[in-house]
Amino acid sequence: MNAIARALEADWYTDPRQLERERERLFRRAWQFAGHVSQLEGPGDYFAFELHGRSLFCLRGADGEVRTFYNVCMHRAHRLVEGSGSKRTLVCPYHAWSYELDGRLKRAPGSENVPGFDGSKVCLTPARTEIVGGFIFVNLDLAAASMGEWYPGLAEGLAEFLPDLERLRPTYTREVEERCNWKISVENYSECYHCRLNHPTFASGVVDAEAYDIVPEGHVLRHTTTCVALDALSYTVDPESNARALDYSSWFLWPTFSFQVYPGNVLNTYSWQATDHRTTRVVRQWFSVDGVESDTLYRLAEQDLTTTVAEDIRLVESVQRGLESGGYRPGPLIIDPRGGVRSEHSIRALHRWLEEAMGPAAA
Ligand code: FES
Ligand SMILES: [Fe+2]
């Protein structure tokens, strides 16, 4: 008989050293969301961001290519850029070394007087960059497998559900801080066993919770269901607009991002960032064609924040407290070999991916 799969020991979520190990072995080797190409319209446009204690920036080159670099000057390590903006060359504020938009050193004042100085050997440190449907992802591991290998079927699936994908722009952003370890929030997102009891609006006004299923594919958890009866839907959808107008789909990309398409082909995303071992920032973004604002999308973003997101915060923060209680012993997971909404096979998939990165004895 197969051994029953169990939840993880509390230490995985409560020990600050665990997050340090995850930063080293998981986050610095995984694909993570950085931003959207609409933030980099023209050559020289850039935005800086933090990824697990690393300062980076994305930059569009003169050749139109989007690249990502560590935000550090190769002279004596001053930070190169702040926030976002546009530059023709990157000039370090410390001693005015300047760099081309592809990261090569352009000029180091005084270097002409240094015998043997070879500026052609100096270049900003790059990170891997890939763009899927306008979404920029980075990986600090230059040898990492491509997103196509990590997330098979993603680009095709998004194109199928989002006929206007290339024209979508972030329109509303909602951010919350959860007082829990990032894995609690991700695990909670990754099962709908808790939906009917805890998400009345989502489970009766957006999707059919009974049909909800989650299937691991590569390092994706693919969520699917259909929409509730149209007259119960909390917003209006034109069922004739395309073949996927009445479906719900989500692609959770291990470890910290999810594309989610609500009925009506409404794209919204989740991005998780571990602030520390017991605090997680969750950013929700809602997208529309050309970024056009609308009452429907605004109300959907607000409805989600005050129902599903608020309901989940109560759950995940209670779990963090429970894991810190000293009385928790890992319980068995409910794994139905047929899958379905009452099965936690997706949690087991998350734990396997975690162990694959960390090794089983990490905690
Ligand atoms: S540290 Fe950047 S120019 Fe000196
Ligand atoms: Fe939930």
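Trainee: Which residues have the most contacts inside the largest nonpolar core?
Mentor: This is a predicted model, where local features need pLDDT of at least 70, side-chain atom pairs count only at pLDDT 80 or more, and totals for chains, interfaces and linings use all residues. Residues are numbered from 1 along each chain as its sequence is written, with chains lettered from A and ligands numbered from 1 in the order in which they are written. A nonpolar core is a set of buried Ala, Val, Leu, Ile, Met, Phe, Trp, Tyr and Cys residues joined through C-beta atoms within 7 Å; buried means 20 or more other C-beta atoms within 10 Å of a residue's own, with C-beta atoms placed from the backbone. The largest core has 80 residues, and those with the most contacts inside it are Cys58, Phe137, Val207, Leu253 and Val261.

Trainee: Which strand gives the most to this core?
Mentor: Strands are DSSP runs of at least two residues, helices (H or I) of at least four, numbered from the N terminus. With 5 residues, the top contributor is strand E16 (residues 266-276).

Trainee: Where does this core lie relative to domain 1 and domain 2?
Mentor: Domain bounds come from an automatic or database domain assignment. Domain 1 (32-139) and domain 2 (151-362) both give residues to the core, so it lies between them.

Trainee: Is strand E1 largely enclosed or exposed?
Mentor: E1 spans residues 32-36. 5 of its 5 residues are buried, so E1 is largely enclosed by the rest of the structure.

Trainee: Which residue in E10 stands opposite Gly35?
Mentor: Strands pair if DSSP finds at least two bridges between them. E1 and E10 (residues 135-139) run antiparallel, joined by 4 bridges. Opposite Gly35 stands Ile136.

How values were computed: A residue is buried if 20 or more other C-beta atoms lie within 10 Å of its own, exposed if 12 or fewer, and partly exposed in between; C-beta atoms are placed from the backbone.
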